[in-house]
Amino acid sequence: MSQLAAGPAARTAMSVGRETRGMGSDWVPVLAEVPLFASLSRRHLKRVAKLARTRRFASGTPIVRRGEAGAAFFVLLDGAARVLLPKGRPVRLRSGDFFGEMALLDDSPRSADVIADGEVLVMTISRSAFGKLLRSEPAIANELLRTLAARLRAAEKTV
Ligand code: CMP
């Protein structure tokens with residue numbers, strides 16, 4: 001999981017009043033800090049920004065609920081979240097981390113609750129845009145797989 005904080009850059013972008021709806025090219029510096037997008041050029045980051053929207057969640061709010069159908073993929077731009085797994089200890093996600101990919105990848109219900117730990121700003125990418133993004137940007141698919149492998153290893157240690 002990422003040590004990198006996209007938070008300060010996200011706050012800068014928000015302070016000029018662009019916190020809602022679609023993400024324009026002013027979000028590119030924020031996205032450049034997200035490990036999932038680290039190898040993308042500015043042009044490609046602009047494309048990601050065009051596909052995405054931002055959304056805020058109050059502390060304690062479920063962002064994703066276990067058992068529900070997955071409609072979107074999420075990247076934490078500011079704040080933290082807790083993944084409440086059916087078994088084992090909760091996993092903490094921080095700025096720059098992503099979640100909500102599993103239900104989209106295998107077309108199954110959400111595997112866990114993800115709860116806002118303090119006020120949270122996320123970017124969301126719809127199911128269809130996420131599919132297109134993975135097909136058009138192999139670097140994103142690669143980084144996603146790398147993180148999934150790390151999460152699987154961590155989960156195996158805790159069981
Ligand atoms: P999804 O199943 O769509 O919705 C819940 C999300 O929690 C899941 O996608 C992952 O993004 C995340 N998640 C599930 N299990 C773990 C785990 N062991 N470590 C980190 N994140 C997880």
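In which helix is Glu143 found? Glu143 is found in helix α6.

## Model and conventions

This is a predicted model, in which local features need pLDDT of at least 70 and side-chain atom pairs count only at pLDDT 80 or more, while totals for chains, interfaces and linings use all residues. Residues are numbered from 1 along each chain as its sequence is written, and side-chain values use heavy atoms, with hydrogens and water left out.

## Overall fold

The chain contains 6 helices and 7 strands; these are DSSP runs numbered from the N terminus, helices being H or I of at least four residues and strands E of at least two. Their order from the N terminus is α-β-α-α-β-β-β-β-β-α-β-α-α.

Of the 159 residues, 43% count as buried (under 20% relative accessible area, with a 1.4 Å probe and protein chains only). The accessible surface of the chain is about 8,600 Å², and carbon and sulfur atoms make up 53% of that surface (Shrake-Rupley method, 1.4 Å probe; for residues, only the protein chains shown count as cover). Among contacts (heavy atoms within 4.5 Å) with a separation of 6 or more, 76% join residues 24 or more positions apart.

## Helices α5 and α6

Helix α5 spans residues 127-136, and its buried residues are Ala129, Phe130, Gly131, Leu133 and Leu134. The cover over these residues includes α3 (42-51), β4 (72-84), α4 (102-106), β7 (113-126) and α6 (138-158).

Glu143, in α6, is buried, with a relative accessible area of 18%. Apart from neighbours within four places in sequence, Glu143 is in contact with Pro35 and Leu36.

## Ligand site

The ligand sits in the largest pocket. A pocket is an open set of points on a 1 Å grid over the protein atoms alone, where a 1.4 Å probe fits, with protein on both sides within 12 Å along at least five of seven lines; a molecule sits in a pocket if more than half of its atoms lie within 2 Å of its grid points. Around the ligand are 14 residues, of which Gly100, Glu101, Ala103, Arg110 and Ser111 come nearest (a heavy atom within 4 Å).

Polar contacts are pairs of N or O atoms within 3.5 Å. A polar side-chain atom of Arg110 is 2.7 Å from a ligand oxygen atom. From the backbone, a polar atom of Gly100 lies 2.8 Å from an oxygen atom of the ligand, and an N or O atom of Met102 lies 3.4 Å from a ligand oxygen atom. The protein covers 94% of the 450 Å² of accessible area that the ligand has on its own.

Key: Buried < 20%, exposed > 50% of the residue type's maximum accessible area, 1.4 Å probe, protein only. Polar contact = N/O pair within 3.5 Å; in protein donor to acceptor, adjacent residues only side chain to side chain. 1 Å grid on protein atoms, 1.4 Å probe; cavity = no way out; pocket = protein on both sides within 12 Å on 5 of 7 lines; lining within 4 Å.
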